[in-house]
Protein chains: 2
Amino acid sequence: MKLLNTQNIMIVGLGLMGGSYAKALKRLDFHICAIDTNSDSIDFALENGIIDEGFTSPDPDALGKADILIFGLYPNVFKQWIADNQKYFKSGAIITDVTGVKQCIVYDIQSILRDDVEFIAAHPMAGREVYGVRNSTEKMFRDANFLVVPTEKNTPGAVEWCKELGRLLGFINVTVLSPEEHDKMIGFVSQLTHCIAVALMTCSDNTHLADYTADSFRDLTRIANINDNMWSELFLLNKEALLSDIDRFMAEMQTLRDLLESDDREGLRAKMRLSTERRAAFNKK
Amino acid sequence: MKLLNTQNIMIVGLGLMGGSYAKALKRLDFHICAIDTNSDSIDFALENGIIDEGFTSPDPDALGKADILIFGLYPNVFKQWIADNQKYFKSGAIITDVTGVKQCIVYDIQSILRDDVEFIAAHPMAGREVYGVRNSTEKMFRDANFLVVPTEKNTPGAVEWCKELGRLLGFINVTVLSPEEHDKMIGFVSQLTHCIAVALMTCSDNTHLADYTADSFRDLTRIANINDNMWSELFLLNKEALLSDIDRFMAEMQTLRDLLESDDREGLRAKMRLSTERRAAFNKK
């Protein structure tokens, strides 16, 4: 399985991520089709040369020609779309996605998918606080990580193919991990941080403090500007992992609170030194 | 009271902040002296033209010539230094500081200070994750806020003088607020965020996740690289305000946790929409 720029790519769901994939792959001379129920998105992408062909509903002919299908849909919509439209897929086609949770998606889709088509899951860990194809840009991949998330059903060829896709898109790091490892990691690194940012903004009305804001507060709440539709779904689809991350984080906040209340300066300093030491591992990246 | 560049400025404590003040004021042709117990810091600053004169202990002659004294010391050291050395101050001198907490400092110092010298407190809300005069730079003031924190004892002239100092240093915003308002605000905007960043790093050993880090996690933990000596002192000196901020934040985390556990998607979405709406107030700044 090779990525050849003579291949036809079909992007289903032309939002911020689908549009950014389209831009990155178009520059490499792939032929890009897209399907999105929003005709504005399709029109904009056609007018700006982001895609070669566009449709506002599943087009059997176009789907039958696609060698590669990339899904930029919300998790719950994604499964139903595959169930409804896989009959149009070309035999030997390869499918990938951009979904931010994996266990609840990957096994289900692989179990319903036709035997002559392979689904290799991926998670491009890039994002912006704005939405839609109009804001899409392949630049957001540059300093970001691309995760390939295979199961035992995947072929080694598909895993290699997907790693190559991540590199072609321009990601700085391409890593392979299981759906279970992925969801555990993403619960901590991404979902817990969004939960904290929301809690910081909603725990009291502090908008009058905007005049005094330090960089630290601005950094911690950048992601408090959040797509409620997408993130509430992602939270709920990774509920167990996220609940346990929240519990672990809150227990540690309680420990710090107790050290502060009991004037335990050395205890606070030890926590701060551990924090600084661990953070160094992230500085290098 | 006017800021004239014929005046002698004495900086006591030539660290990151003291050094940055020195650089900003030297460019405006003020005559800059500094005192720091670390002879390396003084030597470096002299060799690099950051200061005009330097001392490693309180020099009676130099202190007697200073029209303006700027204190970049840790809170507890600062009080003792004033008690020990104010006998050398020039009559009519004006004193300011850079301390990150105010109620525990300002009233004490004003009560022990000689009647012919005025202390007007200030908090330059700028910082870096590195320390010392070698890392000082006036650039960190550019997008930052300068807070003037007067009490009833201060003269209107000193308040205006201090506002002008903030503008001369290059701060984008200069604001006046009381020590009580200051400490309440800083507990939420700065100390709580540092506490959260530390808890995120120390709640479990997640350094193996560095390969997968998203921008969100990097942003939230940038300040987890923390000066334990300084911040443990700042936390304890603003203990009551910080404890109540931690409690409010944790109660809200618990609410989000409960919404998630009970699959209350609409409840989660309402919190996320409120978060996005409030965050917009900070985007404008």
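In the predicted model, 100% of the interface residues of chain B are also interface residues in chain A, so the two copies meet through the same surface. The contact draws 72 residues from chain B and 72 residues from chain A. On the side of chain B that touches chain A, two or more residues come from each of strand E8 (145–149), strand E9 (173–176), helix H7 (179–202), helix H8 (215–221), helix H9 (228–237), helix H10 (239–261) and helix H11 (265–283) of chain B. By class, this side of chain B comprises 37 nonpolar, 17 polar and 18 charged residues.

Chain B is superposed on chain A by a rotation of 180° with 0.0 Å of shift along the axis, at an RMSD of 0.1 Å. The relation is therefore that of a two-fold axis. Within chain B, the C-alpha nearest this axis belongs to B:Leu220, at 2.4 Å from it.

Chain A is assigned two domains, with domain 1 covering 8–177 and domain 2 covering 182–283. Taken over C-alpha atoms, the centres of domain 1 and domain 2 of chain A are separated by 31 Å. Between them, 14 residues of domain 1 of chain A are in contact with 11 residues of domain 2 of chain A. Helix H4 (75–85), helix H5 (103–112) and strand E8 (145–149) of chain A each contribute at least two residues to the side of domain 1 that touches domain 2. That side of domain 1 of chain A divides into 8 nonpolar, 4 polar and 2 charged residues.

Chain A also contains an open sheet of 6 strands, ordered E3-E2-E1-E4-E5-E6, in which the pairing is parallel. A:Ile95 has A:Phe119 as its bridge partner in E6(A). Helix H1 (residues 16–26) of chain A lies across strand E1 (8–12), strand E2 (31–35) and strand E4 (68–71) of chain A, and runs at about 165° to E2(A).

Methods
Residues are numbered from 1 along each chain as its sequence is written. Chains are lettered from A and ligands numbered from 1 in the order in which they are written. This is a predicted model: local features need pLDDT of at least 70, side-chain atom pairs count only at pLDDT 80 or more; totals for chains, interfaces and linings use all residues. Two residues are in contact if their C-beta atoms, placed from the backbone, lie within 7 Å. Helices (H or I, at least four residues) and strands (E, at least two) are DSSP runs, numbered from the N terminus. Ala, Val, Leu, Ile, Met, Phe, Trp, Tyr, Cys and Pro count as nonpolar, Asp, Glu, Lys and Arg as charged, and the others, Gly among them, as polar. Domain bounds come from an automatic or database domain assignment. Copies are superposed by least squares on the C-alpha atoms of residues with pLDDT of at least 70 in both. Two strands pair if DSSP finds at least two bridges between them. Axes are lines fitted to C-alpha atoms, for helices over the stretch in contact, and angles run from 0 to 180 degrees between N-to-C directions.
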